[in-house]
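Have the viewer ready as you read.

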Amino acid sequence: MGRESIKLSWEPTGVDGRGRYRKMFMGRRFPSRIYPCDSRRNKSEAWSHFLAWREQIKAELEAEKESALASDPIRLDTAEKVRVMRNVAELISDRAGAKFADNLLQMLERVDDDGVAEIREELELNDDSDAMLTVGRKLVQAKGELEPNTDYAAQVIVDRYMTTLKTKVITKQKGGSVGIYGQTRSALNLFLDWFGASRGLDILDQKDVIEYHTHLLGMLGQKSQTTLHTYQKLWRSFVKHVANDYDDISVPKNLDDKRYIIRAGNSKLVAFTVGECKTLLSLASPRVELWLLLMLNCGMYQGDISDLLSEEVDWEGGRIIRARSKEENAPTINWLLWDRTWELLKDQGNRNGVTLLKQNGESLVTSGIKENGMEWRRDAIVSSWRHLVKKAKRREGVAQDWHKTLKQFRKTSSSLIESGPHAEFVDMFLDHSRVARRHYLVGQVVPKFDEAVKWLGEQVGLATIR
């Protein structure tokens, strides 16, 4: 459950600054112990005591209700049948019926005997028939049918959506990433487990958004906050997509309400030190050294390196002109290559087609989706990286318990730029879609950006004299 904001009133008890915290709940007042002062620490402690006290009061009130019903057999029988009504309403996704039943249960706690009689007469509960049949008959009369609309069943629509994503991956459309496909599959399976595969998405409403947000927060012990943030983001994207495709499915008004959006975790990648970069580059074969330099020089991921085409390389000027593979709306950026990067690329790169391939002619990174919908991936760059790290540990270039990743290696360059004199170009270096277009001419040389890239090379001992 999401953490509630602390709302307690401070009540001084004397002139020495001492006092206690107060809060009302269900007509009862919570009295905290006396504290020497009003502070965040004391308030937090009092709030913990209040939460425990509140649960106790809830239990007491529930016991009082049950006791009152037990002493009135007719009221008790009515409440039991209304609860059945509510269960059946939820089973067939009749939210109006469920809400009606909830209101009746609240009325049963307040009305006198005549009121109970009126409720029973209205619901035709005075016969001896089975409660489920009685309530079922009433719901059939009100709803017309019990079968949900299978055209909008959540599982059916999720399957169609995943098929569309799969096609996007297979046809290599922009943004058609196997990784995104896998994350989306996990995110929507999680939603289906909670929402129900057979329930219709045409009944998805604001209450579902709130309750699903609460459900995800309850999983924080099982999954990281960043993972849950990603899953919720992909689910929200799915809801908006299907609402555009189906007339009877609408986007709940609070879907983008910040109160119900899980923020990304605060965990930050720890970049490499310049010393670590130099050590690993010095131990790498020319082939692996080139891959690592493309990460440092151009902020590339493994997929960018694998997808690099010969026409995206300026073979005369020593530049790479392309948009990131992973970013769907990424602008085309023109990167100056450091002298060492340029030397290795000229030596190893193909002048036609894909620039860099495995020694057997296959792509450096391959991925796909199996018939069962599960994704697979083979990454020669990651495999070579693991061998390089083992080599560095054998040569005592890094400690035995050292375990930084390629993602952290790539992070090193952006961290250096962000903390240096060219911080304004960090988004451009990473080729983010949010790069302001006034900062560059698409695919053209930007002199100040060249200066930033040259400065970056100097920080890792790779000067560029061109």
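Thr-226 sits in helix α9; helices (H or I, at least four residues) and strands (E, at least two) are DSSP runs, numbered from the N terminus. This is a predicted model, in which local features need pLDDT of at least 70 and side-chain atom pairs count only at pLDDT 80 or more, while totals for chains, interfaces and linings use all residues. Residues are numbered from 1 along each chain as its sequence is written, and side-chain values use heavy atoms, with hydrogens and water left out.

The C-alpha atom of Thr-226 is separated by 4.7 Å from that of Gly-265, 39 residues apart along the chain. Asn-254 lies in the loop between α9 (225-245) and α10 (274-283). The table sets the accessibility of these two residues side by side; buried means under 20% relative accessible area, exposed over 50%, and partly exposed in between (1.4 Å probe, protein chains only).

| Residue | Relative accessible area | Class |
|---|---|---|
| Thr-226 | 32% | partly exposed |
| Asn-254 | 6% | buried |

Leaving aside residues up to four places away in sequence, Asn-254 touches Gln-206, Val-209, Ile-210 and Tyr-260, where contact means heavy atoms within 4.5 Å.

Now turn to α14. This helix (residues 380-394) has 15 residues and reaches 21 Å from first C-alpha to last, close to the 21 Å expected at 1.5 Å a residue; the expected span is 1.5 Å times one less than the number of residues. Its buried residues include Ile-381, Trp-385, Leu-388 and Ala-392. An α-helix has 3.6 residues a turn, so residues three or four places apart point the same way. Among the elements covering the buried residues of α14 are α10, α11 (286-298), β8 (375-379) and α15 (406-418). At the start of α14, a side-chain oxygen of Asp-379 comes to within 2.9 Å of the backbone nitrogen of Ile-381. Just after the helix, Glu-396 takes a positive phi of about 60°.

Which residues line the largest cavity? They are Cys-298, Gly-299, Met-300, Asp-304, Arg-322, Arg-324, Trp-335 and Asp-431. A cavity here is a set of points on a 1 Å grid over the protein atoms alone where a 1.4 Å probe fits but cannot get out, and lining residues have an atom within 4 Å of a point. The volume is about 40 Å³, counted as the space filled by probe spheres set on the points.

Overall, the protein has 17 helices and 8 strands, and buried residues make up 42% of its 466 residues.

Methods
Polar contact = N/O pair within 3.5 Å; in protein donor to acceptor, adjacent residues only side chain to side chain. 1 Å grid on protein atoms, 1.4 Å probe; cavity = no way out; pocket = protein on both sides within 12 Å on 5 of 7 lines; lining within 4 Å.
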